[in-house]
Amino acid sequence: LGLALEDVFNLYEAFEEKPDKELMEGLNILIDKRVLNIMQFEKYDTYINFYKKLEWNKLNVTLTLDNCEKNTDVSKLGTVHTLEIIKNRNITDVSNLGTVHTLTLNNCYNITDVSKLGTVHTLTLDNCYNITDVSNLGNVYTLELYCCDNITDVSNLGTVHTLTINWNDN
């Protein structure tokens with residue numbers, strides 16, 4: 001259909017001003033099974049409301065937050081199917097993301113506790129060097145740990161179906 005995300009978002013803002021059932025259904029069809037990338041976007045909260053209204057949690061949608069430093073709260077994103085959080089040093093709490101199917105945390109330096117992520121199907125922790133304890137992640141189906149050098153004990157991960165560990169060479 002060739003609509004840019006910004007165009008879809010503008011349609012949503014129009015919907016907010018004048019709710020219209022047909023417009024809402026049209027937006028749901030346009031976005032069905034699409035990938036939503038938010039990069040350094042100022043209106044993050046509005047996008048999340050957009051996400052909630054369109055009930056994307058019922059779809060197989062990928063949401064990528066790339067370098068959205070102003071966002072510190074990801075608690076509302078627990079219903080996203082696939083979530084990638086990249087280069088965000090301000091997020092500290094990911095406890096509400098345990099229901100995400102596929103979760104990638106990349107360069108999220110201030111996350112220390114991932115104990116509530118044990119029900120995520122596929123979890124990638126990349127360069128999240130303040131994480132020290134992964135003992136509650138034994139039920140994750142696929143777990144990838146890259147450059148999370150402060151993790152010292154992986155003995156509880158023996159039940160993980162696919163486990164990849166790659167420590168930093170420095």
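This is a predicted model: local features need pLDDT of at least 70, side-chain atom pairs count only at pLDDT 80 or more; totals for chains, interfaces and linings use all residues.
**View 1. Strand 3 and its two neighbours.** Strand 3 is mostly covered, with 4 of its 5 residues buried. Look for L63, whose bridge partner in strand 3 is L83. Strand 3 and strand 4 also run parallel and are joined by 5 bridges. Here I85 stands opposite L105 of strand 4.

**View 2. The largest nonpolar core.** This core holds 32 residues, and those touching the most other members are L97, L105, L117 and L137. At least two core residues come from each of strand 2 (62-66), strand 3 (82-86), strand 4 (102-106), strand 5 (122-126) and strand 6 (142-146).

**View 3. The surroundings of L105.** Leaving aside residues up to four places away in sequence, L105 touches I85, V94, I111, L117, T124, L125, D126 and C128.

View 4. The whole structure contains 1 aromatic pair. Y109 and Y129 form this pair, stacked with 4.9 Å centre to centre and 25 degrees between the planes. The partners sit 20 residues apart, Y109 in the loop between strand 4 and strand 5 and Y129 in the loop between strand 5 and strand 6, so the pair links distant parts of the chain. Y129 is partly exposed, because its relative accessible area is 35%, a value between the limits of 20% and 50%.

Note on methods:
Residues are numbered from 1 along each chain as its sequence is written. Side-chain values use heavy atoms; hydrogens and water are left out. A nonpolar core is a set of buried Ala, Val, Leu, Ile, Met, Phe, Trp, Tyr and Cys residues joined through side-chain atoms within 4.5 Å. Buried means under 20% relative accessible area, exposed over 50%, partly exposed in between (1.4 Å probe, protein chains only). Contact means heavy atoms within 4.5 Å. Two strands pair if DSSP finds at least two bridges between them. Rings of Phe, Tyr and Trp (its six-membered ring) pair if their centres lie within 6.5 Å; planes under 30 degrees apart count as stacked, over 60 as edge-to-face and the rest as tilted.
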